[in-house]
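Me: I am new to this structure and would like to go through it by question and answer. Please show it first.

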Amino acid sequence: MSREISDNTIATLDAVAAILLRCFIITVGAMLFTWLVFLLLGDQVYSILSRMIDIARGEFDLYFLHVMTFMKGLNLIFFLFPFIAIKWYLRGRR
């Protein structure tokens, strides 16, 4: 029932997996950078934002937490899980 896949298909899937891994690493780096900015410059960012919109400091912190959690989830769903699935599939086929 299992069909052989061509070398071209394997190379394409390897390339897609490599791209997905790079996207995952870049997104983790961007989230770390955002976290560092929040950690080091959170008061300045809050003061700028609070001038533009009426927001309490607790709401600002909670909003940041929600955004980072959402980004982590998207990063896992769109980059890491497909990378693992492709590698798992290729390992089973080789």
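Me: Against which helix do the buried residues of H2 pack?
Reply: In this predicted model, the buried residues of H2 include Phe60, Phe64, Met68 and Asn75. Leu80, Phe83, Ile86 and Leu90 are also buried in H2. The helix against which these buried residues pack is H1.

Me: Does Phe60 count as buried or exposed?
Reply: Phe60 belongs to helix H2, which covers residues 57-93. A residue is buried when its relative accessible area is under 20%. Phe60 has a relative accessibility of 6%, and therefore it counts as buried.

Me: Which residues does Phe60 touch, not counting residues up to four places away in sequence?
Reply: Phe60 is found in helix H2, and the buried residues of H2 pack against H1. With residues up to four places away in sequence not counted, Phe60 touches Phe38, Gly42, Val45, Tyr46, Leu49 and Ile55.

Me: How are the rings of Phe38 and Phe64 arranged?
Reply: The count of aromatic pairs comes to 3. For Phe38 and Phe64, the ring centres are 3.9 Å apart and the planes are at 5°, so the pair is stacked. Phe38 lies in helix H1 and Phe64 in helix H2, so this pair ties together parts that are separated in sequence by 26 residues.

Me: What kind of aromatic pair do Tyr46 and Phe60 form?
Reply: Tyr46 is in helix H1 and Phe60 in helix H2, 14 residues apart, and their pair links distant parts of the chain. The rings are 5.5 Å centre to centre, with 55° between the planes. The aromatic pair formed by Tyr46 and Phe60 is tilted.

Me: Which residues do ring pairs link into a cluster?
Reply: Phe38 and Phe64 are both buried, and Phe60 is buried as well. Ring pairs link into a cluster the residues Phe38, Tyr46, Phe60 and Phe64.

Me: Does Thr27 count as buried or exposed, and which residues is it in contact with beyond its neighbours within four places in sequence?
Reply: Thr27 lies in helix H1, residues 7-52. Its relative accessibility is 16%, and therefore Thr27 counts as buried. Leaving aside neighbours within four places in sequence, the residues in contact with Thr27 are Asn75 and Phe79.

Me: How far apart are the end C-alpha atoms of H2?
Reply: H2 bends by about 35° at Leu76. Because each residue counts for 1.5 Å, the 37 residues of H2 should span 54 Å. The separation of the end C-alpha atoms agrees with this, at 53 Å.

Notes
Residues numbered from 1 in each chain as written. Predicted model: local features only at pLDDT ≥ 70, side-chain atom pairs only at ≥ 80, totals over all residues. Heavy atoms only, no water. Helix = DSSP H or I, 4+ residues; strand = E, 2+ residues; numbered from the N terminus. Buried < 20%, exposed > 50% of the residue type's maximum accessible area, 1.4 Å probe, protein only. Contact = heavy atoms within 4.5 Å. Expected span 1.5 Å × (residues − 1). Bend = angle between axes of the 7 residues up to and from the residue. Phe/Tyr/Trp six-rings, centres within 6.5 Å; stacked < 30°, edge-to-face > 60°.
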